[in-house]
Protein chains: 4
Amino acid sequence: MKKQLWAWMMACIMLPALLHAQAGKVSDNLTLPSKILKGDRKYAIYLPPDYESSSRSYPVLYLLHGAGDDQTGWVQFGEVLHIADKAIREGNATPMIIVMPDANTGRRGYANDIKGEWQYEDFFFKELIPFIEKTYRAKKEKRYRAVAGLSMGGEGTFTYALHHPELFAAACPLSAATGPLALEDATRWLKRRGQDSTVSDAQIKAWYERQSVLHMVNNMPEDQKKAVRWYIDCGDDDFLFEGNSLVHIAMRKKEIPHEFRIRDGGHSWGYWRTALPEVLAFVSASFHQF
Amino acid sequence: MKKQLWAWMMACIMLPALLHAQAGKVSDNLTLPSKILKGDRKYAIYLPPDYESSSRSYPVLYLLHGAGDDQTGWVQFGEVLHIADKAIREGNATPMIIVMPDANTGRRGYANDIKGEWQYEDFFFKELIPFIEKTYRAKKEKRYRAVAGLSMGGEGTFTYALHHPELFAAACPLSAATGPLALEDATRWLKRRGQDSTVSDAQIKAWYERQSVLHMVNNMPEDQKKAVRWYIDCGDDDFLFEGNSLVHIAMRKKEIPHEFRIRDGGHSWGYWRTALPEVLAFVSASFHQF
Amino acid sequence: MKKQLWAWMMACIMLPALLHAQAGKVSDNLTLPSKILKGDRKYAIYLPPDYESSSRSYPVLYLLHGAGDDQTGWVQFGEVLHIADKAIREGNATPMIIVMPDANTGRRGYANDIKGEWQYEDFFFKELIPFIEKTYRAKKEKRYRAVAGLSMGGEGTFTYALHHPELFAAACPLSAATGPLALEDATRWLKRRGQDSTVSDAQIKAWYERQSVLHMVNNMPEDQKKAVRWYIDCGDDDFLFEGNSLVHIAMRKKEIPHEFRIRDGGHSWGYWRTALPEVLAFVSASFHQF
Amino acid sequence: MKKQLWAWMMACIMLPALLHAQAGKVSDNLTLPSKILKGDRKYAIYLPPDYESSSRSYPVLYLLHGAGDDQTGWVQFGEVLHIADKAIREGNATPMIIVMPDANTGRRGYANDIKGEWQYEDFFFKELIPFIEKTYRAKKEKRYRAVAGLSMGGEGTFTYALHHPELFAAACPLSAATGPLALEDATRWLKRRGQDSTVSDAQIKAWYERQSVLHMVNNMPEDQKKAVRWYIDCGDDDFLFEGNSLVHIAMRKKEIPHEFRIRDGGHSWGYWRTALPEVLAFVSASFHQF
């Protein structure tokens, strides 16, 4: 009888701690200093439910927003808190840190500028990742790092993981822009954007080779084919249907393992909110070393 | 050994209940100072479950009570805490701040008085909204702000969103008073209320044009027709059936997009409590940018 | 005693599975002879699950199709078999006979023609109902007879129950056409349809007074107001929004008891299939004498 | 004890009758005579649960097997009885007749032979469809007829609906072969198959234009673009990935409405059994006239 009472008291004492322990925590307006981009950069972060009560380290997912949004996109429209908490609680995802950087302020996009004036990709690898891994209890090995993103952020996902397969265990481009399909497209795009005549053909070619997902897939070295686990998803009504379908075909022909999904829907947050649980489960499978 | 087992079983039994227990927070007797209304004004507020543990900003729903209630109405009769927590937990609503101001103390109503003596609407826009956005982690853009209310508060919802379509992403009048259907009604009402002879016909006309929902709908500029997402709901047994049905007809004829529902019921809290989950889902869809 | 108990338990365990297996019966291509319409007329019929195994009599629902369909509409598009079986099995509807006559072959519509050449309404009351009540085990009293229908069939529902409140316990117009809103409309319609000059103003007025639901509601004798139980339903995106909303307003002002619903949707079978379970429950409540 | 026995006997006696009423019926070894193919042809058929007890007519789905199977494939491997019964019982599909013809005996395939020796497509349209519509209570209009199939039967689905858009409301190719992607492929294939030199280039070209899904999609007349509702599904691990993805791209560019899915999986019955409920729901939506 006394033991029972004791158990009840324990439960009452533990209740607040337990309540605390079940919810992750989101901040959407943090900053880090950047020398490369000459100023402070914003980011949002999700910390898993047990982050504060434990002292372990966690895998990290970099989750990239699309054009027109900023670091708050996945928080407000993507419901990352609710969805990640649920996925972790139900055992479909492992607790992880989710980092959502702003690629909208100042200039927009995840790539290095062709003329070297806005080196966002350099910022990402040389400043953001080190900052995160220093500031939070983040695991630092490739096998605990993943990247995902939507639309323009899907393009970032493709290019980051293709440029640095040694850094990511998994990559999940959603409704992704896939860069120029051919060199001519790159040339035409850059001219349309009013690049002046100081951009040489060689520069355009170099840029094309770093930004065309199709080009990089078709020229992937044999030993990189299994370096990254891919999960690619694009709605059947999405305007980016062509690039994603061609990348699927190219990956199949090159025998690059990848998951590919075409579900019912278009280029909308309704699509991405239903994709996120799958992304979390997929990167967790990588982190779990199935 | 057996006792330990029992404690484990207890924990396993309680765990789902605990997980279930994430709760928002309601206060129903706060105040803000008002120069316009010459004194402190009361308000109630709902903060979502993750408000305290996180540091993100949130969309805001202004939720207006009816005649005879005050800022505590939606808390006590409307069960806003239970219903909002449940909607958020089940993924049907996004976490939001819900503000419930008192429009009952001193004088009653959400409108500016015809003679300029009681400018509640001015208070709402010039003092309440800025106060909320300064005091709480509230998002400040139109696309993250909504208004809803019942009966007299439905009238407030209609008029506020019609006067300021630039400020609200969504508006949900429930069982709403819709103001005078015709100018004659306005004149008759004002006389019945004992307005003295110093109120001119021009003043009555100006008041009518700001308070008649039908008048404003019928004279809505083309470029405002899609400015606000509308969700209008009024029971088939409600005494306010006529105004709401006529507004539906007028909006359809003017091709103003809107959701309209007539469900089974009258002018009662039972009706509004079953409306609230729909309202939260509808404004969340706006905040989610579907 | 124990054995009896055991048998009961067995029955209770098996009952849900057994109940699941009970199926009604539909025929969609039967005929009856008509002198009034000078030839055979088609009809479809639903007989409830226990019709063949029992020898009791049943209430009857006349269920009218819309313009463009025929007697097969509620069978193929409306899923009357599946929906009625389910409603009966789950106890939401009482077993009833559902009769679906063809008002599409030869000429279209449920009304008597203005010139007396095509008297469908006469056929309905003088030939169809007597035929059904003679051919099937149908109850013959008003309190066991109901009518429902969609669009043009909703108009038929309104007019039949307004012309013959002594014959129907309940009437359920869905997405109903409501006839001319004013006499001028009637005149204009009839001229547009190329009625020759032999149709007199008196004939038009008489036709208007029999076909305008608003007119009949506004002129309903006091002692008919509670003669029929009404369930009226029309989607907020339906093009027939005006007539239905005006009928609701008129019935409220005349204090004619009625249920009225505006749900989310337009003029489509998706709307009517979700209305049908409510219709079956509503007419069953009438047949049940709650 | 005797009472118990009696209860059991009752249950055993009633069970078959009750079960009978809820279950569809499959036959997998029926035949029809064919003059075109010079002999009897086999087919399997699914009749919905209410077929025998009712006397209504039903929509028809032609469901085609793949290479290596015959008319029994969808029955044995595809579980058509269980899946269709469940879909109908749960209201996800409308009761329909499902016809599964044998395209394996004698020679294999759904197309007319290039040399006119084996005209299976002619048999399908001139003999099979008329036979089915004469033998069973089948609706005969385009809007009640659909075609679906897997692999080689997906190719049959594509070509039949592209050749005869006037005959099918919906078409659902699963993991479909899509014929030659280019004229050169057609030439190479036919030579590989040992066609002798009597086949002219003109014959090859004509055959290509009737068998290449891409060619037909790219040359579809404007007025056929919305004639058929398409549901196309092919796993991300399927070896037929290229043709299906290219057809999706071509249909998007030609603005031909279609649903397209790429789910997780390969060329296997596990994939097709999970596709079948979607196919039944999709063709039912067509039959239902949403």
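Let me start with a definition: contact means heavy atoms within 4.5 Å.

Hello everyone. What we have here is a predicted model, in which local features need pLDDT of at least 70, side-chain atom pairs count only at pLDDT 80 or more, and totals for chains, interfaces and linings use all residues. Residues are numbered from 1 along each chain as its sequence is written, chains are lettered from A and ligands numbered from 1 in the order in which they are written, and side-chain values use heavy atoms, with hydrogens and water left out.

Let's begin with chain C. In what order do the eight strands of its open sheet come? The order is β1-β2-β4-β3-β5-β6-β7-β8, with mixed pairing. At the edges sit β1 (25-34) and β8 (259-261) of chain C, each pairing on one side only. Neighbouring strands of this sheet are turned by 20° against each other on average, direction ignored. A word on angles: axes are lines fitted to C-alpha atoms, for helices over the stretch in contact, and angles run from 0 to 180 degrees between N-to-C directions.

Inside that sheet, β3 (residues 60-64) and β4 (residues 97-101) of chain C run parallel, joined by three bridges. Val60(C) has Ile97(C) in β4(C) as its bridge partner. Helix α3 (residues 80-89) of chain C lies across β1, β2 (39-47), β3 and β4 of chain C, and runs at about 40° to β2(C). Helix α5 (residues 152-163) of chain C also packs on the sheet, where it touches β3, β5 (145-150), β6 (170-174) and β7 (229-233) of chain C. The direction of α5 makes about 150° with that of β5(C).

Over to chain A, for a look at its hairpin. Strands β1 (residues 25-34) and β2 (residues 39-47) of chain A pair in the antiparallel sense, over eight bridges, and Ser27(A) stands opposite Ile45(A) in β2(A). Four residues lie between the two strands of this hairpin, and Lys38(A) in the turn has a positive phi of about 55°. β2(A) also pairs with β4 (residues 97-101) of chain A, again in the antiparallel sense, this time over four bridges. There, Tyr46(A) has Ile98(A) as its bridge partner.

How do chains A and D relate? Two copies of a chain are related by a rotation about an axis and a shift along it. Here, a rotation of 180° with 0.1 Å of shift along its axis superposes chain A on chain D, with an RMSD of 0.1 Å. That is the relation of a two-fold axis. In chain A, the C-alpha nearest the axis belongs to Ile262(A), 2.3 Å from it. The same surface serves both copies, as 100% of the contact residues of chain A recur in chain D. For the record, copies are superposed by least squares on the C-alpha atoms of residues with pLDDT of at least 70 in both.

While we are at chain D, let me show you Thr159(D), in helix α5 (residues 152-163). Is Thr159(D) buried or exposed? At 3% relative accessibility, Thr159(D) counts as buried; buried means under 20% relative accessible area, exposed over 50%, and partly exposed in between (1.4 Å probe, protein chains only). Not counting residues up to four places away in sequence, Thr159(D) touches Arg210(D), Gln211(D) and Met216(D).

Last stop, chain B. In helix α6 (residues 183-192), Asp185(B), Ala186(B) and Leu190(B) are buried. Seen down the axis of α6(B), the buried residues fall within an arc of 125°, so they line one face of the helix; the arc is that of the directions from the helix axis to the C-beta atoms. The face turned away carries the exposed residues Glu184(B), Lys191(B) and Arg192(B). Helix α7 (201-211) of chain B is included in what covers the buried residues of α6(B).

Finally, Ser245(B) is found in helix α9 of chain B, and is buried, with a relative accessible area of 1%. What does Ser245(B) contact, leaving aside its neighbours within four places in sequence? The partners are Phe260(B) and Ile262(B), together with Ser245(C), His248(C) and Ile249(C).

Conventions
Two strands pair if DSSP finds at least two bridges between them.
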